[in-house]
Amino acid sequence: MKFQPIYFFGRAPPRLISIGNRHPRSSPQLLLFTTPRPAVRERFHKAYLPPGAQFSSSASALPASQMKPTPSPENIEDLISSLPLIRCLRNCSLSAASPSPSAETSAKYLEFRPFRTMHPSAQVTHLVTTSLISPTKLPIDPIYFLKHSFTKNPSQSPESAEIIATAYLSTHITGHAGYIHGGLIGILFDDVFARLAAEIFPSGVGMTANLTLDFRAPAVPGRVYVWRVGVEKVEKERKVCVYGGMRCLNEFGAEEMRGRGVGDGIPREASQGNTLSVEERDGVLVAEARGLFIEPRGVKNMVPLYPKQASKRV
């Protein structure tokens, strides 16, 4: 028997094909692929798509967030900086890029970009830095705010460690058309959890032993997201349990947010519950996660992913 190969890649421009089957909570899904000629596309339709499926070359079902042009990295930086939450955190943060001795005593958080302080040997091969930081995926690298009081004396209260992180998720990172791929959400949770665990372990090396995700609502592209993560418990000095939530903020403009007061952006102690900023409360909780991170037994032979320069500076 002779098989006819089906080619999915060619020099023709990408085409969006609308599939008639609908998800209960979505518009028709879209299949994005490139074909060398119409005959190949027709064979694909006959071989792989369900009987009775309707097709259209129209991209009208594409979500509005994907039809808008992607903002420039500069505009996204400005957008995030306009948030009352970020302005509030920066008012009481010490910058890792330019620490000020005078601000050290009053600062509660340390602001930094983890992928810029990552060890060079890891940075050149890391999944996020090499594949995901791009104009259509993560136009800017995530911004982290580490609770500063923990970095001053981490041995006394590791359970008080926490990180607030924010990032803009662009268009080309979907699973179902119009929705962020769930695997990416797991990656971003894993990174912020690992960064928090790295501050707790003396070696600065923490590896994922277990990660559990509970999806609460679909995550959509073209939005700003905020993570809040903390420490649930520390076990036997080599294990730390972490938890956190990820929220999708409503669409907003920089001028609109600058017109708001700084507000209540800083959370209270975990035992009293988190105080969310106004924009977080107005947004949507898309996922919650828990993880177990361990310090490997052969840690002496490993290079820390995140050098503890933040702790050394305070």
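## Lysine 147 and strand S5

Lysine 147 is placed in strand S5, which covers residues 143–147, and the coordinates discussed here belong to a predicted model. With a relative accessible area of 9%, lysine 147 is buried, because a residue counts as buried when that value is under 20%. Along the chain, lysine 147 stands 49 residues from leucine 196, and the C-alpha atoms of lysine 147 and leucine 196 are 9.9 Å apart in space.

The loop between helix H8 (127–132) and S5 contains isoleucine 140. Isoleucine 140 has a relative accessible area of 4% and is buried. Once residues up to four places away in sequence are set aside, isoleucine 140 touches Pro73, Ile76, Glu77, Ile80 and Arg113.

Helix H7, made up of residues 120–123, is where alanine 122 is located. The relative accessible area of alanine 122 is 18%, and alanine 122 is therefore buried, given that the cut-off for this class is under 20%. In the chain, alanine 122 and leucine 305 are 183 residues apart, whereas their C-alpha atoms are separated by 6.6 Å.

## Cysteines

How many disulfides does the structure hold? The structure holds zero disulfides. For cysteine 92, the closest cysteine sulfur is that of cysteine 88, at 5.4 Å, and this is too far for a bond, because a disulfide requires the two sulfur atoms to be within 2.5 Å. Such a bond is a covalent one between the sulfur atoms of two cysteines.

As to accessibility, cysteine 92 counts as buried at 16% relative accessibility. Cysteine 241 is also buried, and its relative accessible area is 13%.

## Cavities

Searching the whole structure gives two cavities of 30 Å³ or more. The second largest cavity holds about 50 Å³ of space, and its lining consists of Phe115, Pro142, Tyr144, Ala165, Leu188, Val192 and Trp227. Divided by residue class, this lining has seven nonpolar residues, no polar residues and no charged residues.

## The chain as a whole

The protein chain contains 13 helices and 10 strands, and 45% of its 314 residues are buried.

Among the contacts in the protein chain with a separation of 6 or more, 75% are between residues 24 or more positions apart.

Technical notes: Residues are numbered from 1 along each chain as its sequence is written. This is a predicted model: local features need pLDDT of at least 70, side-chain atom pairs count only at pLDDT 80 or more; totals for chains, interfaces and linings use all residues. Side-chain values use heavy atoms; hydrogens and water are left out. Helices (H or I, at least four residues) and strands (E, at least two) are DSSP runs, numbered from the N terminus. Buried means under 20% relative accessible area, exposed over 50%, partly exposed in between (1.4 Å probe, protein chains only). Contact means heavy atoms within 4.5 Å. On a 1 Å grid over the protein atoms alone, a cavity is a set of points where a 1.4 Å probe fits but cannot get out, and a pocket is an open set with protein on both sides within 12 Å along at least five of seven lines; lining residues have an atom within 4 Å of a point. Grid points are joined across faces, edges and corners, and a volume is the space filled by probe spheres set on the points. Ala, Val, Leu, Ile, Met, Phe, Trp, Tyr, Cys and Pro count as nonpolar, Asp, Glu, Lys and Arg as charged, and the others, Gly among them, as polar.
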